[in-house]
Amino acid sequence: MQVEVKVPQLSESVSEATLVSWHKKEGEAVKRDENLIDIETDKVVMELPAPADGVLVKIVKGDKGTVTSGEIIAMIDTAATAAPAKAATPAAAPALEKAAPAAASNAMSPAAAKIAAENNVTDVAGSGRGGRVTKEDVVNKVSGGATAAPPAAARAAAAPVAMPVGDRAEQRVPMSRLRARIAERLVQSQSTAAILTTFNEVNMQPVIDLRNKYKDKFEKEHGVKLGFMSFFVKAATYALKKYPIVNASIDGNDIVYHGYYDVGIAVGTERGLVVPILRNADLMSIADIEKAIADFGKRAKDGKLTLEELSGGTFSISNGGVFGSMLSTPIINPPQSAILGVHATKERAVVENGQIVIRPMNYLAMSYDHRIIDGREAVLTLVAIKEALEDPARLLLDV
């Protein structure tokens, strides 16, 4: 029976994707759930597993081809038999011998067998269909349960470009689909919105004291470290409730007020900037936010974020401070109307009650779309964020 291999359903905001590299050739046997090809969208790199056991009899679209949702890219014949494989060369024999112990207990995909051989891993429990050992099972075994390895396309995109040598040498490298999409959206934001930025400074001492007091108990209780970003998220949702226009967006000639608070957290990766979304962030606890952010960071690095997690959002937070930034003017992520920029916290001399004192200060910047947000609402929103951070009890009392 002929089985079609189709591009999975992409999100509404993603119209097309690129086929990065086929891991199988025509005429080769494939196993159900074995990765056939890596597919890159403007948001994520994802693996496309085989829908059935059989032989890959036809590849309709080759590497670097542009595809859309539901498009047929290959055919698998479930009744066919693959041509006999060539005998392994002497050089490859040791690797096959090392892979044998791991494969003896359960059926193992070729990708899993390769990783098992490279790491001399045996006795891997399979989570695939019929107990089949997948690549993720082997990676988890190697890393002791850590996040699975990224798709090959994500690893290739993350690898540094080898600069050419010689006098005044140049190298031309095509933009990845993600980088091209980032460029498109930034230009769109700058050309369609009336962007202004307002600034303020916040004394982080109250948050630092609170964190230092409870960080050990927090980590023991919730299994995640207590960072600072969760406080910024809670302070932002606190302020957005007071000034809902900052959480709104423009749709044609209409202003859409959102009765929910989906906060995007900008995450920098080797492939480019991605913004996974904390859904209903106002309803999340500090622990829930920290767990979600930690998970986003790991999976963004591995190229494992889903399209759903990168779609939507009513407000964003960008933390350039982790890279040492002191001040910046963040660019709005359309169709949102505002974004908060957080920077490095540094001890500075400030005046309190007529006295010069040293305090850990952080410069906050909020860029906003002046088409719907006036300066008054923008400034007051940032002041509300500042007040919540300097007096965290406000977040509990909602005052």
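Is glutamate 390 buried, partly exposed or exposed, and what is its relative accessible area? Glutamate 390 is partly exposed, with a relative accessible area of 28%, and this value, like every other one in this report, comes from a predicted model.

## Overall make-up

The protein contains 10 helices and 19 strands, and buried residues make up 43% of its 399 residues. The accessible surface comes to about 21000 Å², and carbon and sulfur atoms account for 53% of that area. Among the contacts with a separation of 6 or more, 61% are between residues 24 or more positions apart.

Strand E6 (residues 54-59) and strand E8 (residues 72-77) run antiparallel and are joined by 4 bridges; valine 55 has aspartate 77 in E8 as its bridge partner.

## Hairpin and backbone details

Strand E18 (residues 346-352) and strand E19 (residues 355-369) run antiparallel and are joined by 7 bridges, with glutamine 355 in E19 as the bridge partner of glutamate 352. The two strands form a hairpin with 2 residues between them, and asparagine 353 in the turn has a positive phi of about 55°.

Positive phi values also occur in two loop residues other than glycine. Aspartate 33, with phi near 75°, has its place in the loop between E3 and E4, and it is partly exposed, with a relative accessible area of 40%. Lysine 64, with phi near 70°, lies in the loop between E6 and E7 and counts as exposed at 60% relative accessibility. In the loop between E16 and E17, where proline 335 is found, the peptide bond from proline 334 to proline 335 is cis, with omega near 5°.

## Nonpolar core and surface patch

In soluble globular proteins, nonpolar side chains tend to be buried together. The largest nonpolar core of this model has 75 residues, and those with the most contacts inside it are Ile73, Leu278, Phe315, Ile317, Leu364 and Leu389. Helix H7 (residues 229-242) gives the most to this core, with 9 residues. When residues up to four places away in sequence are not counted, leucine 389 touches Val202, Pro206, Val207, Phe231, Phe232, Ala235 and Leu364.

Nonpolar side chains are also found at the surface, where Phe199, Met326 and Leu327 form a patch with about 280 Å² of accessible area together. Methionine 326 lies in the loop between strand E16 (315-319) and strand E17 (338-342), and at 33% relative accessibility it counts as partly exposed.

## Salt bridges

The structure holds 14 salt bridges. In one of them, aspartate 262 pairs with arginine 279, and the closest N and O atoms are 3.7 Å apart. Aspartate 262 lies in the loop between strand E11 (254-256) and strand E12 (263-265), and arginine 279 in the loop between strand E15 (277-278) and helix H8 (286-301), so the pair ties together parts that are 17 residues apart in sequence. Aspartate 262 counts as buried at 8% relative accessibility, whereas arginine 279 is partly exposed at 31%.

Arginine 299 forms a salt bridge with glutamate 309, with 2.6 Å between the closest N and O atoms. This pair links distant parts of the chain, for arginine 299 is in helix H8 and glutamate 309 in the loop between H8 and E16, 10 residues apart; arginine 299 is buried, with a relative accessible area of 15%. The side chain of glutamate 390 meets that of lysine 386 in a salt bridge of 3.0 Å, N to O. Both residues lie in helix H9 (residues 375-390), 4 residues apart, about one turn of the helix, and lysine 386 counts as buried at 19% relative accessibility. Salt bridges that share partners also join Asp262, Arg279 and Glu308 into one network.

Definitions and conventions
Residues are numbered from 1 along each chain as its sequence is written. This is a predicted model: local features need pLDDT of at least 70, side-chain atom pairs count only at pLDDT 80 or more; totals for chains, interfaces and linings use all residues. Side-chain values use heavy atoms; hydrogens and water are left out. Patches are made of residues with over 30% relative accessible area and no salt bridge: like charges are joined within 9 Å, nonpolar side chains (Val, Leu, Ile, Met, Phe, Trp, Tyr) within 5 Å. Accessible areas come from the Shrake-Rupley method with a 1.4 Å probe; for residues, only the protein chains shown count as cover. A salt bridge is a side-chain nitrogen of Lys or Arg within 4 Å of a carboxyl oxygen of Asp or Glu. Buried means under 20% relative accessible area, exposed over 50%, partly exposed in between (1.4 Å probe, protein chains only). A nonpolar core is a set of buried Ala, Val, Leu, Ile, Met, Phe, Trp, Tyr and Cys residues joined through side-chain atoms within 4.5 Å. Contact means heavy atoms within 4.5 Å. Two strands pair if DSSP finds at least two bridges between them.
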